[in-house]
Amino acid sequence: MKALKIILIIVGVLVAAMLIVPLFSPATAEVSAETDISLEPSQIFPGIASFSHRDQWDPWLTQDSTAVATIEPREGYVGSSYAWKGEKVGHGRMEVVSVQENEHIESALWFGEAETPALVEWSFTAVDGGTHVVWSFAQETSWPIERLGMMFGKIFLKQSFELGLSNLKEYVESMPRSLSSLGPIAVTTQNSMFALVADGAGTMESISEQLAELYGLIYAAVEEQGLQVAGPAFVHYLDYDESTGYSNYRAGFVVNRAGMDDGGIMVVEYPEMQVLQAMHTGPYEDFTASYDKLDTYITTHGLKISGEAFEFYVTGMMTESDPGKWETLIAFPLI
């Protein structure tokens, strides 16, 4: 009888602990890890935001030989997704929901069949000799079981985050340093073309977030109308306010023939035109240097431009994981 009382007391204490201890634990479980990487933010950001090399450093995949990763990058990064499945790591999915180029990434993370996602964030801060990188996680937990479980789970999660950043640092610092470059600048004829386009407006930072949605709508219209994509995705900048960084633009796909207007999707037939153009090779975040070189060429050669510009994404994150190999044809219509 005495032994039974002792057992009941022990059980009571354990139950009380399970109910009381979580009361003093925050409802939001947060974990973060940080490191310094000897590369510029623009050399690190694209691979993280597109998940293009996630399978090379992910701390969980490297510990589960059965794990299979599915990576689906998107132009503009927003909508890029990463899914995994393995015997040890289980299954889940992550999707980029917002970005500030070279500065911040926000993603939604679903473990297993969870309906409510956790929040995963990355921040990139330029420092002497490279970039300070912070990788963080936040998830709302219910009382008492989830809160109690996460109290212990955070210990292992932080260890995994630290391992992941260590893997990432080793991987990106060992990669060949690929610098952006601008190919030969020339005046040439841009052929006439049919395109399906959708209008947008914003700063360069917000435009990158808008493009994923616009390209999705345009591509759906291409398929619905039985058209074929006949060239790279592009952005046609209609203007640019240097004081605010604001631009009105058209996102589009070159197609094989004239289509039909459909809601916010429009048909445009671009005529043949004279343009000044050059091929930028490298991350999108390095466009400024290429535009500066083109501006200098325009000034020194006394050329007159319309004030508009095209960016044709010849090779991008959909087909090439190395941002240093992305090719973008930049063209300024002449008058």
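1. Let's start with a charged pair. Arg54 and Asp58 make a salt bridge, with 2.9 Å between the closest N and O atoms. Both partners are buried: Arg54 is, and Asp58 is too. Keep in mind that this is a predicted model.

2. How many salt bridges does the structure hold? The count is 6, and the Arg54–Asp58 pair is one of the salt bridges. As background, side chains of opposite charge can pair when their charged atoms come close.

3. Another pair sits within a helix. Lys169 bridges to Glu173, again with the closest N and O atoms 2.9 Å apart.

4. Asp199 forms a salt bridge with Arg250, and the closest N and O atoms are 2.9 Å apart. Since Asp199 is in strand S10 and Arg250 is in strand S12, this pair ties together parts 51 residues apart in sequence. Asp199 counts as partly exposed at 40% relative accessibility, and Arg250 also counts as partly exposed, at 22%.

5. Now for helix H4 (residues 204-224). Does its length agree or disagree with what 1.5 Å a residue predicts? Its 21 residues should span 30 Å, and the end C-alpha atoms are 30 Å apart, so the two agree. Even so, you'll find a bend of about 35° in H4 at Gln210. After the helix comes Gly226, with a positive phi near 70°.

6. What does H4 pack against? Its buried residues include Ile207, Leu211, Leu214, Tyr215 and Ile218, with Ser208, Ala221 and Val222 also among them. The buried residues of H4 pack against strands S4 (90-100), S10 (193-203), S11 (229-237), S12 (246-255), S13 (265-270) and S15 (309-315). Note that S10 and S12 turn up here as well as in the Asp199–Arg250 pair.

7. Finally, the whole chain. The secondary structure comes to 5 helices and 16 strands, and 42% of the 335 residues count as buried. Among contacts with a separation of 6 or more, 67% involve residues 24 or more positions apart. The accessible surface is about 17300 Å², with 56% of that belonging to carbon and sulfur atoms.

Key. Residues numbered from 1 in each chain as written. Predicted model: local features only at pLDDT ≥ 70, side-chain atom pairs only at ≥ 80, totals over all residues. Heavy atoms only, no water. Helix = DSSP H or I, 4+ residues; strand = E, 2+ residues; numbered from the N terminus. Buried < 20%, exposed > 50% of the residue type's maximum accessible area, 1.4 Å probe, protein only. Contact = heavy atoms within 4.5 Å. Areas by Shrake-Rupley, 256 points an atom, 1.4 Å probe, with all protein chains shown as cover. Expected span 1.5 Å × (residues − 1). Bend = angle between axes of the 7 residues up to and from the residue. Salt bridge = Lys/Arg side-chain N within 4 Å of Asp/Glu carboxyl O.
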